[in-house]
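Here is a briefing for a first look at this structure. Start with the sequence and the model, then read the points by topic.

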Amino acid sequence: MKELLRRSLRLAATVLLRLRSEPLAAPADSRCVVIAPHQDDEALGCAGLIATRRAAGLPVRIVYITNGAGSHPGHPRLQPADIAHLRQSEAICAMGKLQLAESALHFLGAADGTLSRLSPNAFEELAGRLAASLAALAPTELFVPCRDDTSSEHTGAFELTLRALQIAGLTPRMFEYPVWARWRPQQLLRFGLIDRKVWRLYFPRFTVLKHDALSAYVSQSAPTPPWPEPVLPRGFIACFDSAEEYFFER
């Protein structure tokens with residue numbers, strides 16, 4: 001019953017967003033940067049965007065803020081360093097499916113699970129490092145997880161990005177992409193009702209590439225023995241199994 005309600009709300013949210021949205025076009029001079037708190041956020045929320053931009057010959061860069069090591073707390077066989085190494089390898093493989101070279105991926109390596117509770121000094125230090133990366137990449141378009149995505153890490157990444165842009169003196173167009181809101185459709189419904197611009201990217205030619213990119217994140221979508229269940233909820237990745245992505249511009 002709960003899953004049926006979730007699916008019904010997701011369908012209603014998608015219809016509302018589709019009605020409110022306009023097609024997202026790629027400027028000919030676009031320099032696109034995607035901010036990912038963890039290795040997989042970029043594939044979940046932006047794989048279609050990345051694939052279409054690369055097919056058009058446009059540059060795309062990914063900046064991963066954390067090392068992703070917090071996804072398996074207490075696992076009896078996988079240590080945090082092992083998980084961090086595994087997730088970085090998965091990111092390289094996933095983005096390779098979308099025609100992104102390893103040189104287009106930037107790993108800041110911040111501790112996973114800390115973005116919402118950094119001390120003021122640690123926040124400024126990490127924002128400064130992110131600012132240095134953004135200054136070198138000089139994006140004209142920046143894609144970052146929604147501030148109100150129902151994830152404290154995504155909210156933390158959003159705030160860090162705002163501060164980094166301020167430090168670097170950059171003013172790219174900034175788009176927010178939903179991740180956990182796709183799983184919690186009540187929040188997606190709110191996104192469709194509040195006063196912000198909704199953009200829709202439709203990419204039927206590249207759905208297979210998105211599927212392939214998501215499939216590269218085995219550590220998140222498959223059980224890691226002896227744990228019998230994956231760390232992501234069952235059915236979560238299916239929320240992204242479509243030929244459309246939505247982005248919000250405040």
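Glu3 lies in helix H1 (residues 2-20). Helices (H or I, at least four residues) and strands (E, at least two) are DSSP runs, numbered from the N terminus. This is a predicted model: local features need pLDDT of at least 70, side-chain atom pairs count only at pLDDT 80 or more, and totals for chains, interfaces and linings use all residues. Residues are numbered from 1 along each chain as its sequence is written, and side-chain values use heavy atoms, with hydrogens and water left out.

- Glu3 is partly exposed, with a relative accessible area of 33%. Buried means under 20% relative accessible area, exposed over 50%, and partly exposed in between (1.4 Å probe, protein chains only).
- Glu3 and Gly235 are 232 residues apart in sequence. In space, their C-alpha atoms are 9.4 Å apart.

- Strand E2 (residues 32-36) runs parallel to E3, and five bridges join them. Two strands pair if DSSP finds at least two bridges between them.
- Ala36 has Tyr64 in E3 as its bridge partner.
- From E2 the chain crosses through helix H2 (residues 41-55) to E3, and this β-α-β crossover is right-handed. Right-handed here means that, with the strands pointing away from the viewer, the path from the first strand over the helix to the second runs clockwise.
- Strand E3 (residues 60-66) is also parallel to strand E4 (residues 105-110), with four bridges joining them. Ile62 has Leu105 in E4 as its bridge partner.
- E3, helix H3 (residues 80-97) and E4 make a right-handed β-α-β unit.
- E3 is mostly covered, with six of its seven residues buried.

**Strands E5 and E6**

- Strand E5 (residues 141-145) and E6 pair in the parallel sense over five bridges.
- Phe143 has Phe175 in E6 as its bridge partner.
- E5, helix H5 (residues 152-168) and E6 form a right-handed β-α-β unit.
- Why is strand E6 (residues 173-177) largely enclosed by the rest of the structure? Four of its five residues are buried, so the strand is largely enclosed.

**Helices H4 and H5**

- Two packed helices are described by the angle between their axes and the distance between the axes.
- Helix H4 (residues 120-137) and H5 pack at an angle of about 60 degrees, and their axes are 8 Å apart. Axes are lines fitted to C-alpha atoms, for helices over the stretch in contact, and angles run from 0 to 180 degrees between N-to-C directions.
- H4 passes H5 in a right-handed crossing. A crossing is left-handed if the near helix is turned anticlockwise from the far one by less than a right angle, and right-handed if clockwise.
- In H4, the residues that meet H5 include Phe123, Leu126, Leu130 and Leu134. On the H5 side they include Leu160, Arg163, Leu165 and Ile167. Contact means heavy atoms within 4.5 Å.
- The residues of this contact divide into 12 nonpolar, two polar and three charged. Ala, Val, Leu, Ile, Met, Phe, Trp, Tyr, Cys and Pro count as nonpolar, Asp, Glu, Lys and Arg as charged, and the others, Gly among them, as polar.

**Phe247**

- Phe247 lies in strand E8 (residues 244-249).
- Is Phe247 buried or exposed? Phe247 is buried, with a relative accessible area of 0%.
- Phe247 and Leu24 are 223 residues apart in sequence and 8.5 Å apart in space, C-alpha to C-alpha.
- Not counting residues up to four places away in sequence, Phe247 touches several residues, among them Leu24, Cys46, Phe143, Phe175, Tyr177 and Trp199.

**Backbone features in loops**

- The peptide bond from Pro225 to Pro226 is cis, with omega near 10 degrees. Pro226 is found in the loop between helix H9 (218-221) and E8.
- Ala138 has a positive phi of about 50 degrees although it is not a glycine. Ala138 sits in the loop between H4 and E5, and is partly exposed at 26% relative accessibility.
- Thr150 has a positive phi of about 70 degrees, and it is not a glycine either. Thr150 is in the loop between E5 and H5. Its relative accessible area is 40%, which counts as partly exposed.
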